[in-house]
Amino acid sequence: MNSSYELPLDEADYNFGFLDEYAKREIRRAILKSICIPGYQTPYASREMPMGRGFGTGGLQLTLSLAGPDDVLKVIDQGSDDSVNAVNLRQFVSLTCPGLTTTTHTSDATIIQSRHRIPEQPLNESQVLVLQVPYPDALVVVEPSEARRKAMHGEGDYSRLLTKLYEDIVKFREITISHRYPTRINGHYVIDPSPIPRYDVPQLNQSPALTLFGAGREKKIYAVPPYTNATPLAFDDVPFRTEDFHDDRGERIACARCGSTRSFLDELPLADGSKRWQCSDTDYCDQQLQLKSGTLTGARQ
Amino acid sequence: MISQSRMPPGQDDQPLQAWHPLTQQQLFRGLLHSFSYPGRVVRVGQPQPLFSALATLVDQGLPLADPGRLLSKLFLRRLGCQVTPPEEAAFIVCEGHKAPDFTPRLGSLESPETGATLLVSVNAFTGGKRYRLRGPGIADTTLLEIDGLDDAWIKAHQRWRSHYPMGADMLLVSGDSWVALPRTLTIMEEIR
């Protein structure tokens, strides 16, 4: 978005949060029902937003229906506050919600809208995590008909999905789903937890914060309420495992910028053909750097 | 004709403020918090929580039932909704001291979200019977005291959820606060 762009407020008199009150009310009803039925994809009338479907319009509609002037919003894309998608969405929300403040610090935020990551820092009860979802249905890989998928979800029938995972193991000795890992919520519905890496899936389990998922193009809202079991699908003899950041010598790779060995790392190819690893969560990386410099100055004194 | 004494005061004086976008946002966040953390008594911060909840959630096109005739004509007109029997309604306004004499919409296996939301007025969230709640949104278990809720409500809530994900969700309202009881909860009476 052009940084000098402004909504034509004088002419159009946009409502707080851009959406009209009927739209918000409908989204709010869908949010409450999706909390009451954890993991169920509640249909809603996804509105046209002034950006293309697929750019996070589902998450944006959730954020706009939640946000008030007292809220502090953080928007991230792949862990970064500074990428194009995050910057545009943040700017749009602050243009249409006068009074709302924005932040890059996870701990200061009351609403965190995210694409493809859950922040490293554990969330608390005063925060809501909003995830942008491209494909909401985990069963779409095994069943093309939505009517049949709805019946399968209702009955908790995930045998065909488990068969797919089993076939992966037979063919590749590994479940080949790297992100959007099917996760069972509260022992019933299996959700597509949006394209977060496997590394983030355990963060959904028994989290103190509410997690909402919005799929704008597919017109679905679903939720993982706080303190709810979120169990990635796995087998007794092939347990769920997350991304492995150990090198050939068996040592955990550290972030090249902050040195953390406890974060999800992005692999950055360098010009000379070598690789570099860096924290995907930029706020976490900055915090680690500040902690380090804080201890360094402390030692000098 | 509805006798004036049974009519909760204040709905016609309910300031139109309840429909202001920023008030609705605050009220919705209160509802969101209640449904996220069931069994917690959440203070509403607006007068008349029952009417505030209705103003936040209900609009035209949605069927609403008011079997106890708690809502005035003026308030119903402001909501703009259709009034139907409780069996067909998406939202049902009820009095907690009277046992439910209807089965609300419970949704279907494919579309459980069409299960009704019941707004039930009770006397208070102190004193009265004690219930132990377990389910999503509660870290382990939690205790809730409800005064002025007929036993049959809890039994009905548990019966309605026996074919989960079908079921009905309840919002108990009293004084200046509300408590959500979504269909996911297991509720057991605790004998003192």
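Is K219(A) buried, partly exposed or exposed at its relative accessibility? The structure is a predicted model, in which local features need pLDDT of at least 70, side-chain atom pairs count only at pLDDT 80 or more, and totals for chains, interfaces and linings use all residues. Residues are numbered from 1 along each chain as its sequence is written, chains are lettered from A and ligands numbered from 1 in the order in which they are written, and side-chain values use heavy atoms, with hydrogens and water left out.

K219(A) counts as partly exposed, at 36% relative accessibility. Buried means under 20% relative accessible area, exposed over 50%, and partly exposed in between (1.4 Å probe, protein chains only). Phi of K219(A) is near 60°, a positive value in a residue other than glycine. K219(A) lies in the loop between strand 8 (210-215) and strand 9 (220-224) of chain A. Helices (H or I, at least four residues) and strands (E, at least two) are DSSP runs, numbered from the N terminus.

N186(A) also has a positive phi, near 55°, and is not glycine. The loop between strand 6 (183-185) and strand 7 (189-191) of chain A holds N186(A). N186(A) is partly exposed, with a relative accessible area of 28%.

In chain B, a cis peptide bond joins Y164(B) and P165(B), with omega about 10°. P165(B) sits in the loop between helix 4 (151-160) and strand 8 (169-174) of chain B.
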